[in-house]
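Subject: Handover of a structure and its pockets

Dear colleague,

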Amino acid sequence: MADPTHSSSPIFKLLLLLIIPVIYSTYVYQTDNYNAGPLPEDHSFETSISVPEWHDRILAKAQRIGEGLLHGPEDLAYDPKSRFLYTGCLDGWIRRVDLAGDGEFKVENWVQTGEHGRPLGVVLGLDGSLIIADAYEGLLKVSPDKEVEVLVDEAKGVKFGITDGVDVASDGTIYFTDASYKYRLDNHMLDILEARPHGRLMSFDPSSNETIVLLGDLYFANGVAVSPDQKSLIYCETVLRRCRRYYIQGENKGINESFIDNLPGYPDNIRYDGEGHYWIGLSAGRTMLWDIFFKYPILRRILYVVDKFVTVPKSMKNSGVLGVSLDGQPVALYSDPNLILATSGLKIGNYLYYGSLYKSYISRIDLTQTKIPEK
Ligand SMILES: *[C@@H]1O[C@H](CO)[C@@H](O)[C@H](O)[C@H]1NC(C)=O
Ligand SMILES: *[C@@H]1O[C@H](CO)[C@@H](O)[C@H](O)[C@H]1NC(C)=O
């Protein structure tokens with residue numbers, strides 16, 4: 001029998017291949033400043049909440065819209081008057097899809113947010129404008145005649161790193177998030193893996209141009225949705241797999257409380273559908289591997305270093321869209337093992353539209369036809 005420690009043994013080579021990066025990483029992470037942290041002590045790794053209705057093979061029923069013309073349509077906004085569906089794309093363009101044209105879906109290049117823009121959150125303003133959380137440019141307003149204006153790109157002297165989610169209340173106040181002041185969108189995974197609270201929830205008052213930091217220390221602050229009674233808003237923290245409520249009016253103003261915890265995936269945008277449900281894009285499903293990484297900061301530090309040499313594949317599968325009642329009860333989940341980075345969900349009529357960080361199209365599923373065979 002061959003000596004397994006002999007250098008020509010395939011087992012030895014394999015061991016070497018695995019051990020060298022680990023030893024090297026351990027050495028480097030101690031000298032490197034990548035200080036991945038533990039999740040808060042009260043963060044739960046228990047079984048995720050159970051969803052009464054789970055459609056877990058939605059790709060078979062999904063229809064693609066604007067394929068090849070809509071790269072990375074991250075968030076969606078619908079204008080019921082003009083019947084245009086707006087989305088922000090990877091190349092900085094806001095594009096709109098005509099939903100009136102009976103299944104034809106004409107796609108129009110509408111406006112580019114800036115030379116280096118990357119529009120994420122999009123929402124209709126009260127005056128026919130579009131309000132945009134642009135990852136690189138800040139909080140923007142685009143007038144109906146396509147004039148782009150930067151509303152704000154810093155607060156309390158700290159520049160936004162990844163302006164991300166946005167919604168507008170009926171009094172015109174704009175609520176928005178900066179996912180991280182530390183990192184930019186092109187390396188946002190570093191912020192997620194570092195798992196330290198670099199995010200902020202803010203408001204912008206268009207009548208005074210005043211920006212207020214409502215909450216700091218958020219773990220990758222992402223989507224925002226104002227509640228239909230205008231008393232509170234729901235904001236999502238991707239890293240902690242949860243969305244919380246923050247009161248914007250009334251006697252509880254300024255208070256934050258839990259809304260939905262222990263989601264089956266990592267939340268991105270959230271939108272209210274006008275019919276009693278919020279829809280939360282789950283950009284990636286929860287997996288055992290992600291749990292292990294989030295439990296042990298040292299593994300994330302090692303991953304950080306190893307990733308500099310070889311790109312470690314990070315599972316983004318089992319993405320989906322979760323419908324939640326006004327009081328934070330899960331109602332229905334539409335997901336698929338092969339769905340990757342679905343970032344938003346918007347219900348229009350009987351259809352659930354969803355965006356994506358990387359795909360070249362918007363998708364939709366007909367909710368009246370979701371009798372999808374379960375496995
Ligand atoms: C807010 O900013 C806009 C654009 O810079 C400006 O035209 C407007 O006068 C400002 N409003 C107030 C109240 O300062
Ligand atoms: C939420 O409110 C609690 C007090 O109830 C406070 O301790 C905490 O800092 C608040 N969360 C954030 C993110 O500010």
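What volume does the second largest pocket have? The second largest pocket has a volume of about 470 Å³. Of the 26 residues that line it, His 188, Met 189, Ile 192, Leu 341 and Leu 357 are the closest to its centre. Two or more lining residues come from each of α2 (188-194), β21, β22 (277-285) and α3 (288-295), and α2 gives the most, with three. By class, this lining holds 14 nonpolar, six polar and six charged residues.

The conventions are as follows. This is a predicted model, in which local features need pLDDT of at least 70 and side-chain atom pairs count only at pLDDT 80 or more, while totals for chains, interfaces and linings use all residues. Residues are numbered from 1 along each chain as its sequence is written, chains are lettered from A and ligands numbered from 1 in the order in which they are written, and side-chain values use heavy atoms, with hydrogens and water left out.

At least two lining residues are supplied by each of the strands (DSSP runs of E, at least two residues) β3 (76-79), β7 (119-124), β13 (163-168), β21 (265-272) and β25 (342-348). The lining divides into 15 nonpolar, five polar and four charged residues.

There is one cavity (a set of points where a 1.4 Å probe fits but cannot get out) of 30 Å³ or more. The largest cavity holds about 30 Å³ of space, and its lining consists of Leu 39, His 43, Phe 45, Val 239, Arg 241, Tyr 266, Asp 291 and Phe 294. Five of these residues are nonpolar, one is polar and two are charged.

Finally, ligand 1 is surrounded by Glu 149, Ser 207 and Asn 209 (each with a heavy atom within 4 Å of the ligand). A polar side-chain atom of Asn 209 lies 2.3 Å from an oxygen atom of ligand 1. Taken alone, ligand 1 exposes 370 Å² (Shrake-Rupley method, 1.4 Å probe), and the protein buries 30% of that.

Yours sincerely

Conventions. Helices (H or I, at least four residues) and strands (E, at least two) are DSSP runs, numbered from the N terminus. Ala, Val, Leu, Ile, Met, Phe, Trp, Tyr, Cys and Pro count as nonpolar, Asp, Glu, Lys and Arg as charged, and the others, Gly among them, as polar. On a 1 Å grid over the protein atoms alone, a cavity is a set of points where a 1.4 Å probe fits but cannot get out, and a pocket is an open set with protein on both sides within 12 Å along at least five of seven lines; lining residues have an atom within 4 Å of a point. Grid points are joined across faces, edges and corners, and a volume is the space filled by probe spheres set on the points. A polar contact is a pair of N or O atoms within 3.5 Å; within protein, one must be able to donate a hydrogen and the other to accept it, and residues adjacent in sequence count only if both atoms are side-chain atoms.
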